[in-house]
Amino acid sequence: MQSVENPDLDPNKDDLPLRANTNHMLVRHYLLDLAVHFQRKIVGGSIVLFLEPGKAHAKTPDCEPTGSCASLSPPPKQPKQEPQHQFCPIEPDVSQTEVTVENCDEKQVGGNQTYSWEEGMCNDFTLVFDCCNLSVSKVEEVNVASVAGMRALLDDCEQPQAGRLSFTLVERLLALSSARWQEQHNLYFQCSTAPCLRGALPISFHTDSWSLQLRKRGVGSPSDFPRVIRIWYETQPQGASMRWTKTQDGRCCVYTMGSPINNRALFPCQEPPVAMSTWQATVMAPSEFTVLLSGENQATPVQEESGLSRWTYYVTMPMPASTFTLAVGQWHEAKVKPSTGVQGFTESNNSCPESGCSSVEKPCHGSDQKSQDPLEGPDQGMCLHVDYPCRFTLSLARREAIIPHRVFSPVCLLQQVEALVLPLLPACLAAAHAVLGVHPFSHLDVLIVPSGFSSLGMASPHIAFLSQSVLAGPRHLCGARLCHEIAHSWFGLVIGAQDWSEEWISEGFATYLEDVLWAKVQQLSRSEEEDQLHLRALLRWRRLHDELQNSEQELQILRPHRESTGVVSESGASSVKHCLNPEKPFMQVHYLKGYFLLKFLASFTGHEQFLAFLCLFVRTYHGQLVLSQDFLQMLLDHFPDLKRQGLTLEGIYADWLDAPGTPKWLSERSAAWLQTPLVAEVQQEVTKWIHFTLGHRKGTKRKRGEPCLKVNFKEMGPEQIVLLLELLLEEEKMSAGVLQTLERTYSLRMQDAEVKHRWCELVVKHKHSAAYKDVEDFLIDDQAMGVYLYGELMVHEDSRQQALARRCFSLTQEHMDPAALSVVSEMIL
């Protein structure tokens, strides 16, 4: 584990340090007041943090409450009123603040006092935040006692001890129940605009490569450290949390990129997943720009006299800081045309519309509640998380199959978005509700991000990014990807991994559920669904097998910390294995191996029973962080027959999570997928193409005017075509004529990005120069998928192909994702 005391990461390793000392102090609420400056490519302003000492460092409350103020700690199971999620009507005005950034790393002035970081403060407590590429100018203690509304929190309490008023006020504020969330957020906001505490000893700060460290003279423990601090800072253009780029229209934009370092180059934060908090954010941007953020409200801009627009967002569900997502650009909202209806699955198709879960016989694991009718959904007693306005307790939410949703994109893509994404999104939302129950979040915004985006999609609370690559071809790739990102609302967001190294908990589940939800959207029969699931499993097995053959063994392990998973240092600091390895973002082992682990488990329980268990798991663990053993142990307890069949926690660890390579079950099962109907059809077509190729080899004599060999090729779906092209890639030689016929037969240039990727691989392998334009278009338009195609262009040592690779790289490198830039640069240069 990376200790908080080690100032820098070992450059010979690729682990990401999580240096925040979360066991000592936790951020309970962030309030950001930021302005976006496109000319300078920076975001600047302030962040106010509301802090609470860790349980080991908390002191006895300074006042003895009476009446309704009976507890300073919010009880996790108190009854909740159904909240009205709109922003507080008494929200104070926000004035834009000019921030001047200077180098204040060595000294900070407070009043007439100067405090140097080096002045022998070995006995003072150091508060550590995860931070990278931020220019901090000032840190100050906020005078919360000057906020008039805060005093009302003490009406039913005795006066606190002398000098402890601000501590007590913040404790009262943090302890407000979820039923009073609007009042709480108003007070947070008022505190954020309060002046600094005059006459107080200054807060000194120091930054290094990975952290921001704070101290206050004479404060030796977290319990005595200021509870509300304001940090003035600016981001830096090279900060890896933000992508300053251009839209497909050529207009400036910026978005958070979900990079390995997450948001630490956007604001000082606590990156370990256990540091869950709520937040509010005000973002100022030029009036022609739209600001999207992972907030519960669908914000509308307020025009300022300066010509800027102010956008205000908030969340009431505590979430890891890494899930904070921002996108600012000249996006336009797609509109449903009057004649456009929702095609595909709707909630009325489901036999269990109230909760979307099949019948479950046992009560929730870990709950002291009696068994209840599963169709009723959870009651207040089923919520085992900290107190917040939880949608799982709302009867309205249980019936809301299609949550409010919007789709944004550049103008040049609006027509495609309106034709493809808008009709699919409601059906995908309804399918997810039918399978998993209550939508954890109240609405969903979808944004088509610039072409340099590094993957097909990324999910965050209330917002999902989609690559433009999903817009081409039939609806299959777009629909499946929407289902994948929507599934993350349950697995990855409302239930998160307690240790980031266990990525399979998020990606494996989303990949597994992607198939289930997409089959429901297509309204497939059970036999049709089985056929499609087998075909998709075979394609994923081929991809996984190839990746395992061409990657380091250590990167193939789903639980790289093994028995130390979830363990942190005394301070709470830790590290994420291999997170800074430039190749890791392009690996899919945690997607694919995690997906196959779930298929393995479902093969014991049965498909429907496994889906019902996932519902039960969600109802039990929503709003919490989990480790692999939480899911696996609950499964083994719920299905006692699994143990009698020899399935154990230790065995699953050894075969699937803690070892590289392929589990025996997967090698055996993959042979069966070759015998399924959709796969058999593809194999028959491959045979036809092989015979067709043999008839068109060089040297075959054909008289002038003699017709070409005619073969009746079967029409196939996109995934069958993907498998066909993969199998044809194994052929040693294919002539230009055969490749031309292949392209015409399946209209490959009109297919989705997955098909076009395989087509480009065929073109490169057989040096089919007539289709080099297809390769060029793919590398420019589908950057999320074309990284390793550069390697194939370079490895053949063909001067024309290498020139093509370098030309495409020169056209895209300025706006290429940094991870892709690193990998491709190594291939090209």
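Colleague: Which word describes how α18 and α19 stand to each other?
Modeller: This is a predicted model, in which local features need pLDDT of at least 70, side-chain atom pairs count only at pLDDT 80 or more, and totals for chains, interfaces and linings use all residues. α18 (753-765) and α19 (residues 772-781) pack at an angle of about 135°, with axes 9 Å apart; axes are lines fitted to C-alpha atoms, for helices over the stretch in contact, and angles run from 0 to 180 degrees between N-to-C directions. Angles under 35 degrees count as roughly parallel, over 145 as roughly antiparallel, 65 to 115 as roughly perpendicular and the rest as oblique. The relation of α18 and α19 is therefore oblique.

Colleague: How many residues in the contact of α18 with α19 are charged?
Modeller: Residues are numbered from 1 along each chain as its sequence is written, and side-chain values use heavy atoms, with hydrogens and water left out. With contact meaning heavy atoms within 4.5 Å, Ala-753, Lys-756, His-757, Trp-759, Cys-760, Val-763 and Val-764 in α18 meet Tyr-772, Asp-774, Val-775 and Phe-778 in α19. Ala, Val, Leu, Ile, Met, Phe, Trp, Tyr, Cys and Pro count as nonpolar, Asp, Glu, Lys and Arg as charged, and the others, Gly among them, as polar. By class, eight residues of this contact are nonpolar, one is polar, and the number charged is two.

Colleague: What is the hand of the crossing where α8 passes α14?
Modeller: α8 (residues 526-549) packs on α14 (residues 664-673) at about 130°, axes 9 Å apart. A crossing is left-handed if the near helix is turned anticlockwise from the far one by less than a right angle, and right-handed if clockwise. The crossing of α8 past α14 is left-handed.

Colleague: How many residues in the contact of α8 with α14 are nonpolar?
Modeller: On the α8 side are His-534, Ala-537, Leu-538, Trp-541 and Leu-544, meeting Leu-666, Ser-667, Ser-670 and Trp-673 in α14. The contact of α8 with α14 has three polar residues and no charged ones, and the nonpolar count is six.

Colleague: How many residues of α16 are buried?
Modeller: Buried means under 20% relative accessible area, exposed over 50%, partly exposed in between (1.4 Å probe, protein chains only). The buried residues of α16 (residues 718-728) include Glu-719, Gln-720 and Glu-726. They pack against α6 (476-487), α8, α15 (677-694), α17 (736-746) and α18. Of the 11 residues in α16, the number buried is 11.

Colleague: Is Phe-392 buried or exposed?
Modeller: Phe-392 lies in the loop between β18 (332-333) and α4 (395-399). Its C-alpha atom is 9.9 Å from that of Val-618, 226 residues apart along the chain. At 4% relative accessibility, Phe-392 counts as buried.

Note on methods: Helices (H or I, at least four residues) and strands (E, at least two) are DSSP runs, numbered from the N terminus.
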